[in-house]
Amino acid sequence: MPTVKLGPIGQEITLPQPRYRSGPSWPVVVRAGLEEAEMLDGSIKVNFKANEPRRWAFEWDVLTKVELDDFIWLGGFKTSLHFQSTWEDTTWYTVAITSYEHEPLIDVHTDAVRYRVRIALKKVG
């Protein structure tokens with residue numbers, strides 16, 4: 001099965017396989033590398049950049065506390081990280097975490113606690 005790896009160079013960890021209570025969605029967004037500016041005469045000028053920024057959004061559901069601890073560790077880094085998702089291809093990227101959140105999921109029938117994690121990455125460098 002494909003994997004997702006993330007962490008400082010040399011300390012990358014393999015993140016859990018997806019488990020969902022609803023359907024999975026791990027979008028990869030490639031935005032056109034352009035800047036638009038409206039001129040005084042109302043015309044639009046466009047500058048195309050050589051680099052197209054990539055973004056990834058991930059969500060994990062029903063994680064254990066041990067699995068959550070890995071995400072808390074990753075969320076604490078305030079620097080660029082090394083990232084690979086073989087769901088897409090085998091390329092390694094330098095990324096920054098642009099958003100991170102987790103929340104408890106409590107089963108009211110058993111009082112068992114699992115966790116949901118959402119994380120968004122952006123290619124940098």
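The model is predicted, so local features need pLDDT of at least 70 and side-chain atom pairs count only at pLDDT 80 or more, while totals for chains, interfaces and linings use all residues. Residues are numbered from 1 along each chain as its sequence is written, and side-chain values use heavy atoms, with hydrogens and water left out.

Visitor: Which residue forms a salt bridge with Arg54?
Guide: Arg54 is buried, at 18% relative accessible area; buried means under 20%, exposed over 50% and partly exposed in between (1.4 Å probe, protein chains only). The N to O distance in the pair is 1.9 Å. The partner of Arg54 is Glu88.

Visitor: Is Asp61, which meets Arg116 in a salt bridge, buried or exposed?
Guide: The side chains of Asp61 and Arg116 meet at 3.6 Å, N to O. Arg116 has a relative accessible area of 13% and is therefore buried. At 2% relative accessibility, Asp61 counts as buried.

Visitor: What separates Lys65 and Asp69 in helix α1?
Guide: Helices (H or I, at least four residues) are DSSP runs, numbered from the N terminus. Lys65 and Asp69 form a salt bridge with their closest N and O atoms 2.5 Å apart. Because the two lie four residues apart in helix α1 (residues 65-75), their separation is about one helical turn.

How values were computed: A salt bridge is a side-chain nitrogen of Lys or Arg within 4 Å of a carboxyl oxygen of Asp or Glu.
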